[in-house]
Amino acid sequence: MARLLSVNVGLPRDVSWQGRTVHTGIWKAPVKGPRMVRRLNVDGDGQGDLAGHGGERRAVFVYQVDSYRYWQSQLGRDDFVHGQFGENFTVDGLSDAEVCIGDRYRIGGALFEVTQPRVTCYRLGIRLNEPEMAALVVRHGRPGFYFRVLEEGEVEAGDEISQVASGPEHMSVFEVNALLYMSPHPRDQLERALRIPALSAGWHRSFDALLTQERKGGTTTGCRAHRGVRPAPGVAWLPSVSRIAEGARVRKRDLADA
């Protein structure tokens, strides 16, 4: 049985980064006791960039303790604390490879639906003091995912997480994330993703744009798939996934949270 290990919240703050000030809500910290989860947010939480964060389809960000362990090994660190990846819920279980877009889960008194993978931006690198972190999350396929809140209610660390419904098409968070960011972009898989009602609008528009390009005879393999196709608001594409694989630096314009 999956379990909620920590509920993490934090209000936006100004931080200094590379000689400028960044307004960000990525600093989250665990809270004790029950916490109300509402349609747009967890009580006490906030986002710094409302154009790229939050909203009904991105009300709660979920990250797995297994991914924490993975990054501890990869980065040789032992100083991680829950909430450090900007997540509202730190969970035991619910891996990106198993959770599907449209799955529904009951946690405490609230009901949730999975809507999209997280699109990781440069702010995570600021929080972890790892400039390449956004690129590494994409490269290693450990994005975590967002919930929308179908029924508001209180949740608390220690609550069991019960799946109450499966998403149509049974496309995992990992699969959907890879379909956008990694080649190839098969037509049948794009069509499959577009049939998922729960998928966030930005991701839907981006997949629709790729599919339209393919139908017009454009290639959907490799980074050429992104040429001439503008990403939808709230969804960022990487100019070159191969650059990420080579460990190139990722700048602010390369990635934006969604």
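A crossing counts as left-handed if the near helix is turned anticlockwise from the far one by less than a right angle. The model discussed here is predicted.

Q: Which handedness does the crossing of α4 and α6 have?
A: Helix α4 spans residues 173–181 and helix α6 residues 201–215. Their axes come within 11 Å. The way α4 passes α6 is left-handed.

Q: How many charged residues are in the contact of α4 with α6?
A: From α4 come Val176, Asn177, Leu179, Leu180 and Tyr181. They meet Trp203, Ser206, Phe207 and Leu210 of α6. Seven of the contact residues are nonpolar and two polar, and the number charged is none.

Q: What is the phi of Leu94?
A: Leu94 lies in the loop between β7 (89–92) and β8 (104–107). Its phi is positive, in a residue other than glycine. The value is near 60°.

Q: How many charged residues line the largest cavity?
A: The whole structure holds three cavities of 30 Å³ or more. The largest has about 200 Å³ of space. Its lining has 20 residues, with Lys28, Gln47, His53, Gly86 and Tyr146 nearest the centre. Five lining residues are nonpolar and nine polar, and the charged ones number six.

Terms used
Residues are numbered from 1 along each chain as its sequence is written. This is a predicted model: local features need pLDDT of at least 70, side-chain atom pairs count only at pLDDT 80 or more; totals for chains, interfaces and linings use all residues. Side-chain values use heavy atoms; hydrogens and water are left out. On a 1 Å grid over the protein atoms alone, a cavity is a set of points where a 1.4 Å probe fits but cannot get out, and a pocket is an open set with protein on both sides within 12 Å along at least five of seven lines; lining residues have an atom within 4 Å of a point. Grid points are joined across faces, edges and corners, and a volume is the space filled by probe spheres set on the points. Ala, Val, Leu, Ile, Met, Phe, Trp, Tyr, Cys and Pro count as nonpolar, Asp, Glu, Lys and Arg as charged, and the others, Gly among them, as polar. Axes are lines fitted to C-alpha atoms, for helices over the stretch in contact, and angles run from 0 to 180 degrees between N-to-C directions. Helices (H or I, at least four residues) and strands (E, at least two) are DSSP runs, numbered from the N terminus. Contact means heavy atoms within 4.5 Å.
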